[in-house]
Amino acid sequence: MNILYDEQVDGALPDVDKAALLQALHRQWPDLEVLHQLEELKPYECDGLSAYRTTPLLVVLPRHIDEVQGVLRICHERRVPVVARGAGTGLSGGALPLEKGVLLVMSRFNNILQIDPEARTARVQPGVRNLAISQAAAPFGLYYAPDPSSQIACSIGGNVAENAGGVHCLKYGLTVHNLLKVEILTVDGERLTLGSEALDSPGFDLLALFTGSEGLLGVITEVTVKLLPKPQTAKVLLAAFDSVEKAGRAVADIIAAGIIPGGLEMMDNLAIRAAEDFIHAGYPVDAEAILLCELDGVEADVHDDCARVRQVLEHAGATELRQARDEAERVRFWAGRKNAFPAVGRLSPDYYCMDGTIPRRELPGVLHAIAQLSAEYGLRVANVFHAGDGNMHPLILFDANQPGELERAEALGGKILELCVKVGGSITGEHGVGREKINQMCAQFNRDELTLFHAVKAAFDPGGLLNPGKNIPTLHRCAEFGALHVHHGQLPFPELERF
Ligand SMILES: Cc1cc2nc3c(=O)[nH]c(=O)nc-3n(C[C@H](O)[C@H](O)[C@H](O)COP(=O)(O)OP(=O)(O)OC[C@H]3O[C@@H](n4cnc5c(N)ncnc54)[C@H](O)[C@@H]3O)c2cc1C
């Protein structure tokens, strides 16, 4: 089902002699695993955004850096596009393959190379799962803070490429704030080190530039992250509300009171019920919204902060307030939240997860507007999200087998993202732009800003061979989408059309 696939990209790419490419790869690397039969390629045709599907030309599964380097060089010589893939859990179609391109799967690079408890760092290969880093660091009383809900499966390479976030990023920062160094291979196979183990490095901050670049600038081959000491204690409060707007206001009130929780998450009634049915977390199923607020640190501070947050929540109109009685209940409260996406997936044949960020003060109004849009489009929307960051995840429920529902879901998602931009927010908080949000980039950025993005891309990858068609829209696309003004049928920068 290629319903949402944009033919503009593959259609514009030159044809590739698949047999010759296969032969060249095998000649240089006889042991390199290359998948080329249709039935072998099928499992790789999408990432976590399964409405977008394309069968790749070839899938390569290297085990050694030399092989990755060789694949990049051969593809570069033959001008074959390359899409890097980690665990394939991305939700914006970032690892969506190309019919005329190679999918470079980095999941076999799954070794933890070093845990240094004194420097509090971990040096790992890009295919290592996010959670595996914290598990390896646990014997030293350390952990890796950014914790996407997909952490059991997603890879650190994918996290760097998407600048992934998670429940604890409100207090501890996103991936970019917890990175020290990455090793990359450029499009023509040159090895580069970005960042260092020092707090700052001379020159431009290329590490920050590279983080979140969605596989467009290079292939990550090694990552050094910061580790943090495990907090002495963590307590979680669950507050129920009789309206989503009140819960939204309470979020802003907590931060305004000068408290930065370890995590501050919100779920609306549809999400609460779904999670409760699935996980039995002990959520109040009649509440219109719940907040989960975790406070962590040293015992005395956490005790005081819990008391202050309780006051704020009561003042904000919480109808019920509970503190997890023990560690088992705390874990259960979080399990409901962390499994909310699959739980919502049980309510409907398909769901479409949006990812927009707004200023916290706009939460009540935007939640209200989403409810109105949901009624207007006739599709249910469940909200479960990183409220403290203002990072919303409306989950649009639909049935792809019903004619027109997928397109309606996509249109509704687009409206929600444009709403985020309108109130001063962004079209992505952590899931990236990928293929999914490429049109909304035209609403977020103006012509000059997009031109600058293309120039950065061209500095790393002049031929546009790494993950083309993702993340940065052509000005042509923006003109078609209607966000850029076209004078007399002329694009402002026709030379940029090739990207
Ligand atoms: C149930 C569920 C919950 C989720 N919750 C969260 C959440 O809380 N927070 C969050 O941020 N995300 C979340 N995600 C999205 C996803 O897990 C993240 O975006 C994650 O970072 C993707 O990692 P991955 O290894 O699966 O990457 P992939 O999906 O394989 O790839 C993602 C992007 O990274 C690029 N890439 C991958 N590896 C490399 C490499 N070695 N070098 C260069 N580029 C590379 C790809 O080209 C692609 O553009 C969730 C997903 C699911 C399914």
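1. Helix 4 (residues 65–78) lies across strand 8 and strand 10, and runs at about 135° to strand 10. Helices (H or I, at least four residues) and strands (E, at least two) are DSSP runs, numbered from the N terminus. Axes are lines fitted to C-alpha atoms, for helices over the stretch in contact, and angles run from 0 to 180 degrees between N-to-C directions. Two residues are in contact if their C-beta atoms, placed from the backbone, lie within 7 Å.

2. The model is a predicted one, in which local features need pLDDT of at least 70 and side-chain atom pairs count only at pLDDT 80 or more, while totals for chains, interfaces and linings use all residues. Residues are numbered from 1 along each chain as its sequence is written.

3. The protein has 18 helices and 20 strands. For 499 residues a compact globule would have a radius of gyration near 23 Å, and the protein agrees with its 23 Å. This radius is taken over C-alpha atoms, and the globule rule is 2.2 Å times the number of residues to the power 0.38. Along the principal axes, the C-alpha atoms fill a box of roughly 65 × 60 × 45 Å.

4. An open sheet of 5 strands has the order 5-6-10-8-9, with antiparallel pairing. Its edge strands are strand 5 (112–116) and strand 9 (191–195), each of which pairs on one side only. From one strand to the next, the twist averages 15°. Two strands pair if DSSP finds at least two bridges between them. Strand 8 (residues 179–185) is joined to strand 9 in the antiparallel sense over 5 bridges, and L185 stands opposite R191 in strand 9.

5. Another open sheet contains 7 strands in the order 15-12-14-13-18-20-16, again with antiparallel pairing. Strand 15 (320–323) and strand 16 (350–353) stand at the edges with a single partner strand each, so one side of each lacks a neighbour in the sheet. The twist in this sheet averages 20° from one strand to the next.

6. Within the sheet of 7 strands, strand 12 (residues 233–241) and strand 14 (residues 289–297) pair in the antiparallel sense over 9 bridges. A240 stands opposite I290 in strand 14. Helix 9 (residues 244–256) packs on the sheet, where it touches strand 12, strand 13 (263–268), strand 14 and strand 18 (381–385); the direction of helix 9 makes about 20° with that of strand 14.

7. Of the 36 residues around the ligand, G86, G90, G94, G158 and G215 come nearest; a residue is near a molecule or strand if its C-beta atom, placed from the backbone, lies within 6 Å of it. Strand 3 (82–85), helix 6 (156–162) and strand 10 (219–226) are the elements that give two or more residues to this shell. Helix 6 supplies the largest share, 5 residues.
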